[in-house]
Amino acid sequence: MSITQVLFWFLSALALSGALMVVLSRNPIHSVLWLIVVFFAISGHYVLLNAQFLAIVNLIVYAGAIMVLFLFVVMLMNLNSETEPQKNNMLKIAGAISGGSLMLIMIDVVSSSADITGKSAMLKDGNIGLIKNLGKAMFTEYVVPFEISSVLFLSAMVGAVVIGKKSDAKAV
Amino acid sequence: MPVQYYITLSIIIFCIGVVGVLTRRNAIIIFMCIELMLNAVNLMLVAFSKMHNGLAYASDPTSLVGMDGQLFVFFIMVVAAAEVSVGLAIIVMMYRNTHSVDVNFLNRLKN
């Protein structure tokens, strides 16, 4: 097995085990840390596919900003571990069965499709992951979604501040 | 790498996220599983973009055929970041009013 194949399997195993531990952890802080591991593994996959810009943006935005925000919120609420009694085992089994059957159906449908048998995702080569080409395409063809996303950020920021404000006009 | 491997990996991570959203009661963990699902979709989009680029690379090594997939992933990350900020503001406000982030508890409040 070449080094790229070894890396692929290692990163896949890391991503899958991290995702499982996110769902199965009792402590919410452990879940946040395992999700950071998943993001690092997925950024490793992007680097392997030569999507360099997306790898760095994934690390900076997801693992760097969003997860830190989650960690702040979890620590603000002082959640040490979920202490509520888990009385609904039936719900967990039903959830696992429905998720598992969704997974089996999707894998079966997509893997036997005629469009993708025999095609491979190209590793380590190709020009489309480079930031120069992405930047050229974004600012010529996709400049309207780019500007609209800045409006989206403004509205999200205003919305978050409005939601989070303490309303001191309540009648006591 | 055959693209089926990437598709299978992405589907498994997506379904782990689905099971997490259905099973867990903590609103923050549900939100994190939504982010897991978004990342699985991102991985699949990048794999498909490299698949199309690989097909065109055979004839022309400087082709830019699969660029749209990676730009779409960029915009998905943009939307996810905005959604996380608003969602966490809602969760903090929910906690401030009821001192709990249990979604079952909030469901019972409707009576």
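A residue is termed buried if 20 or more other C-beta atoms lie within 10 Å of its own, exposed if 12 or fewer do, and partly exposed in between, with C-beta atoms placed from the backbone. By that rule Asn50(A) is buried, because 20 other C-beta atoms lie within 10 Å. The structure is a predicted model, in which local features need pLDDT of at least 70 and side-chain atom pairs count only at pLDDT 80 or more, while totals for chains, interfaces and linings use all residues. Residues are numbered from 1 along each chain as its sequence is written, and chains are lettered from A, and ligands numbered from 1, in the order in which they are written.

**Chain A as a whole**

- Chain A has six helices and zero strands; helices (H or I, at least four residues) and strands (E, at least two) are DSSP runs, numbered from the N terminus.
- Along the sequence, the pattern of chain A reads α-α-α-α-α-α.
- The radius of gyration of chain A is 21 Å, whereas a compact globule of 172 residues would have a value near 16 Å; this radius is taken over C-alpha atoms, and the globule rule is 2.2 Å times the number of residues to the power 0.38.
- The C-alpha trace of chain A spans about 65 × 45 × 30 Å along its principal axes.
- Of the 172 residues in chain A, 25% are buried.
- Among contacts in chain A with a separation of 6 or more, 60% are between residues 24 or more positions apart; two residues are in contact if their C-beta atoms, placed from the backbone, lie within 7 Å.

**Domains of chain A**

- The domain assignment divides chain A into domain 1 (1–80 + 95–129) and domain 2 (130–165); such bounds come from an automatic or database domain assignment.
- The centres of domain 1 and domain 2 of chain A, taken over C-alpha atoms, are 24 Å apart.
- Five residues from domain 1 of chain A and four residues from domain 2 of chain A form the contact.
- On the side of domain 1 of chain A that touches domain 2 of chain A, two residues are nonpolar, three are polar and none is charged; Ala, Val, Leu, Ile, Met, Phe, Trp, Tyr, Cys and Pro count as nonpolar, Asp, Glu, Lys and Arg as charged, and the others, Gly among them, as polar.

**Helix H3 of chain A and its flanks**

- Asn50(A) is placed in the loop between H2 and H3 of chain A, and its phi is near 60°, a positive value in a residue other than glycine.
- H3(A) covers residues 52–76, and its 25 residues reach 34 Å from first C-alpha to last, close to the 36 Å expected at 1.5 Å a residue; the expected span is 1.5 Å times one less than the number of residues.
- A kink of about 25° in H3(A) is centred on Met67(A); the bend at a residue is the angle between axes fitted to the seven residues ending there and the seven starting there.
- The buried residues of H3(A) include Phe53(A), Leu54(A), Tyr62(A), Ile66(A) and Phe70(A).
- These buried residues pack against helix H2 (28–48) and helix H5 (131–140) of chain A, together with helix H2 (27–57) and helix H3 (67–98) of chain B.
- Gly64(A) is found in H3 of chain A and counts as partly exposed, with 14 C-beta neighbours inside 10 Å.
- After H3(A) comes Asn78(A), with a positive phi near 55°.

**Helix H6 of chain A**

- H6(A) has 22 residues and reaches 32 Å from its first C-alpha to its last, close to the 32 Å expected at 1.5 Å a residue.
- One of the 22 residues of H6(A) is buried, so this helix lies largely in the open.

**Contact between the chains**

- In all, 69 residues of chain A are in contact with 63 residues of chain B.
- H4(A) gives the most to the side of chain A that touches chain B, with 12 residues.
- That side of chain A has 49 nonpolar, 15 polar and five charged residues.
- Gly95(A) lies in helix H4 of chain A and touches Val19(B), Leu22(B) and Thr23(B), not counting residues up to four places away in sequence.

**Chain B**

- The secondary structure of chain B comprises four helices and zero strands.
- Chain B is more spread out than a compact globule, because its radius of gyration is 19 Å, well over the 13 Å that the globule rule gives for 111 residues.
- The C-alpha atoms of chain B fill a box of roughly 65 × 25 × 20 Å along the principal axes.
- In chain B, 51% of the 111 residues count as buried.
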